[in-house]
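Let's walk through this model together, from its charged contacts to its surface patches. Have a look at the chain below before reading on.

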Amino acid sequence: MKKNLMSVLILALVVANLVLTAILMISVVPQTKKANELITKVCSAIDLELEGGKDNSSLYIPMDQLEPVSLAEGASITINLKDSGDGEKHHAVISVSLALDTKSDGYKKYSGAEGITSKQDLIKDEIIKIVSNHTLEEMQENQGKVQDEILARLRRMFESDFIVSVAFPTYNYE
């Protein structure tokens, strides 16, 4: 009889444990899913911020992975600037150099520097459009902003980020 009573008591405890485990699962699992979703969103936002910092700079790319390309073989481009309201015509005389990431898929797709030089007329046209929308003062005070605009436009044009920076090795604003 003692063995039977002990078996019934163990069975009752197992059933109680099963019921409490089911209640625990029903109440905890939805909250855990919500917490996991929140953690996933936070992690993706952090990843975006980390990757976003690399977007506009060649600082994170090793020098042996960069290839400089001078447009028009380093020749200067003369561009009329937007009227600044002083009644005088101003222009910029700039030479443009691009830094290309040789390990990028876009570099391989556009055949590296040869692909860029074959499309240099299109690139120069985009550069002229952007620079001509700025005044003399804007070019003198914030040349980096203009270079970033050119970089963003070229990346959209090639649908790739293999162009990592735009430089003006020589420039003169008159």
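Is R153 buried, partly exposed or exposed? R153 is partly exposed, with a relative accessible area of 27%. On this scale buried means under 20% relative accessible area, exposed means over 50%, and partly exposed lies in between (1.4 Å probe, protein chains only).

A word on the ground rules. This is a predicted model, in which local features need pLDDT of at least 70 and side-chain atom pairs count only at pLDDT 80 or more, while totals for chains, interfaces and linings use all residues. Residues are numbered from 1 along each chain as its sequence is written, and side-chain values use heavy atoms, with hydrogens and water left out.

**Overall layout**

The chain has six helices and six strands. Read from the N terminus, its elements follow the order α-β-β-β-β-α-α-α-α-α-β-β. Helices (H or I, at least four residues) and strands (E, at least two) are DSSP runs, numbered from the N terminus. Of the 174 residues in the chain, 30% are buried.

**The salt bridges**

The structure holds three salt bridges, each being a side-chain nitrogen of Lys or Arg within 4 Å of a carboxyl oxygen of Asp or Glu.

| Pair | N to O distance |
|---|---|
| D125 and K129 | 3.4 Å |
| E126 and K129 | 3.8 Å |
| E126 and R153 | 2.9 Å |

D125, E126, K129 and R153 are linked in a network by these contacts. D125 and K129 sit four residues apart in helix 4 (residues 120–131), about one turn of the helix. K129 and E126 are also about one helical turn apart, because they are three residues from each other in helix 4. The salt bridge between E126 and R153 is another kind of link.

D125 is partly exposed at 36%, and K129 is partly exposed at 39%.

R155 belongs to helix 6 (residues 143–158). With 12% relative accessibility, R155 counts as buried. A polar atom of the R155 side chain lies 2.9 Å from the backbone oxygen of I163. That is a polar contact: a pair of N or O atoms within 3.5 Å, where within protein one must be able to donate a hydrogen and the other to accept it, and residues adjacent in sequence count only if both atoms are side-chain atoms.

E159 is placed in the loop between helix 6 and strand 5 (163–167). The phi angle of E159 is near 50 degrees, a positive value in a residue other than glycine. E159 counts as exposed, because its relative accessibility is 68%.

**Surface patches**

Patches are made of residues with over 30% relative accessible area and no salt bridge; like charges are joined within 9 Å, and nonpolar side chains (Val, Leu, Ile, Met, Phe, Trp, Tyr) within 5 Å. Accessible areas come from the Shrake-Rupley method with a 1.4 Å probe, and for residues only the protein chains shown count as cover. For charge, Lys and Arg count as positive and Asp and Glu as negative, leaving out His and the chain ends. The place of a charge is taken as NZ of Lys, CZ of Arg, CG of Asp or CD of Glu.

Which residues gather in the patch of negative charge? They are D83, D86, E88, E137, E138, E141, D148 and E149. Helix 5 (136–141) and helix 6 each supply at least two residues of this patch, and the largest share, three residues, comes from helix 5. E141 is found in helix 5, and E141 is exposed, with a relative accessible area of 68%.

A nonpolar surface patch of about 500 Å² is made by M6, L9, I10, L13 and V14. M6 is found in helix 1 (residues 2–54).

**A meeting across the sequence**

S132 lies in the loop between helix 4 and helix 5, and is partly exposed with a relative accessible area of 25%. S132 and L81 are 51 residues apart in sequence, yet their C-alpha atoms are 4.5 Å apart in space.
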